[in-house]
Amino acid sequence: MYRIVTKERLNPVIDYMEVEAPAVARKAQPGQFVVIRVDEVGERIPLTLADWDSKDGTITLVAMQVGTSTHKLASLNAGDKLLNLVGPLGLASDIERFGTVVCVAGGVGAAPVFPIARALRQMGNRIISILGARSKDLLFWEERLQSVSDELIVTTDDGSYARKGVVTEPLKEMLERSERIDRVIAIGPAIMMKFCSLTTKPFGVPTFVSLNSIMVDGTGMCGCCRVSVGNVTKFACVDGPDFDGHEVDWDLLFKRQQTYLDEEKRSLELWKSCHCRNA
Ligand SMILES: Cc1cc2nc3c(=O)[nH]c(=O)nc-3n(C[C@H](O)[C@H](O)[C@H](O)COP(=O)(O)OP(=O)(O)OC[C@H]3O[C@@H](n4cnc5c(N)ncnc54)[C@H](O)[C@@H]3O)c2cc1C
Ligand code: FES
């Protein structure tokens, strides 16, 4: 069992948790993830390692409530335990000296971007981060990202905070100004990662995205996380989750992400009705 040491609500739909998992904390690298199961009837869900502390033996998870398992997770508090947790899984992000790297974080993507930006900066890269959310109340970790960036641009779709608009706008402006950009990392909703990749493609700037395909085992055995990159079938859990955004078959990803929409909706309605009755 994996004890939750700290839990905080970062915004109405996103929770922060520090969880005791010493073996994972010892080996964690930026870009990797864990697969957790909240309880005996819970499904396995992948969550990125947003941070870790090998001395304390804890890992940080940041989860957005979208369906049954993430709502269940959000209902736990410090002192509660997760039934299973396996990791670190997936390949670590490429951390090299590239030059100037733009790290684009959309919504909950701020959490996975943070350790990558930090490691890239420690490697001597200049980091420009772009942090975007639909509105001010959904933004989080602005200060954390600032602390690992040479420059930070914040956007909200509705203009309720900082610059109004979506993250691809400042990205495009930078590219059009012919600023030297050696690499772009974009993490967030699949649609945002697709448009970041489309924005950088004409400029030929290598762009890496973290694919959030549906996963089950997370170890390359079930095939559930199948994606197509450069017309080659890959398993996001063992060949990724980071991939060249210019080569991803985005339509296939969107289609596969929607495979169980009806079941997911029914499951959440059922869980909410039971949970609210018992609350
Ligand atoms: C490698 C990886 C790392 C991830 N890291 C994070 C993270 O750090 N924080 C975070 O909030 N989310 C993260 N996700 C997404 C998270 O796993 C899903 O939101 C979660 O599995 C949804 O479970 P649910 O039961 O709450 O919702 P469900 O009812 O299962 O689904 C609700 C919606 O979420 C999407 N979804 C469902 N299952 C998955 C899945 N396994 N992976 C991706 N999308 C899914 C579907 O589009 C669906 O419409 C990550 C996904 C991957 C693949
Ligand atoms: S999650 Fe099963 S193969 Fe990747």
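Predicted model: local features only at pLDDT ≥ 70, side-chain atom pairs only at ≥ 80, totals over all residues.
I start with the ligand. There are 23 residues around ligand 1, and those that come nearest are Glu43, Pro46, Val62, Met64 and Thr70. By type, the shell divides into 13 nonpolar residues, eight polar and two charged. Some of the polar approaches come from the backbone. Proline 46 has a backbone N or O atom 2.6 Å from an oxygen atom of the ligand. For methionine 64, a backbone N or O atom is 2.7 Å from an oxygen atom of ligand 1. Serine 213 places a polar backbone atom 3.2 Å from a nitrogen atom of the ligand. On its own, ligand 1 has 850 Å² of accessible area, and the protein covers 87% of that. Two or more residues of the shell come from each of strand S4 (45-48), strand S6 (58-64), helix H2 (68-74) and helix H9 (261-278). Strand S4 gives the most, with four residues.

Next, threonine 200, which lies in helix H6. Is this residue buried or exposed? Threonine 200 is buried, because its relative accessible area is 0%, under the 20% cut-off. Its side chain makes a polar contact of 2.8 Å with the side chain of histidine 246. Beyond its close sequence neighbours, within four places, threonine 200 touches residues including Leu171, Val184 and Thr207.

Last, helix H8, residues 250-257, whose buried residues are Trp250, Leu252, Leu253 and Phe254. Helix H6 (190-200) is among the elements that cover them, along with strands S14 (207-210) and S15 (226-229). At the start of H8, a side-chain oxygen of aspartate 249 comes within 3.3 Å of the backbone nitrogen of aspartate 251.

Methods: Residues numbered from 1 in each chain as written. Chains lettered and ligands numbered in written order. Heavy atoms only, no water. Buried < 20%, exposed > 50% of the residue type's maximum accessible area, 1.4 Å probe, protein only. Contact = heavy atoms within 4.5 Å. Polar contact = N/O pair within 3.5 Å; in protein donor to acceptor, adjacent residues only side chain to side chain. Near = heavy atom within 4 Å. Areas by Shrake-Rupley, 256 points an atom, 1.4 Å probe, with all protein chains shown as cover. Nonpolar A, V, L, I, M, F, W, Y, C, P; charged D, E, K, R; others polar.
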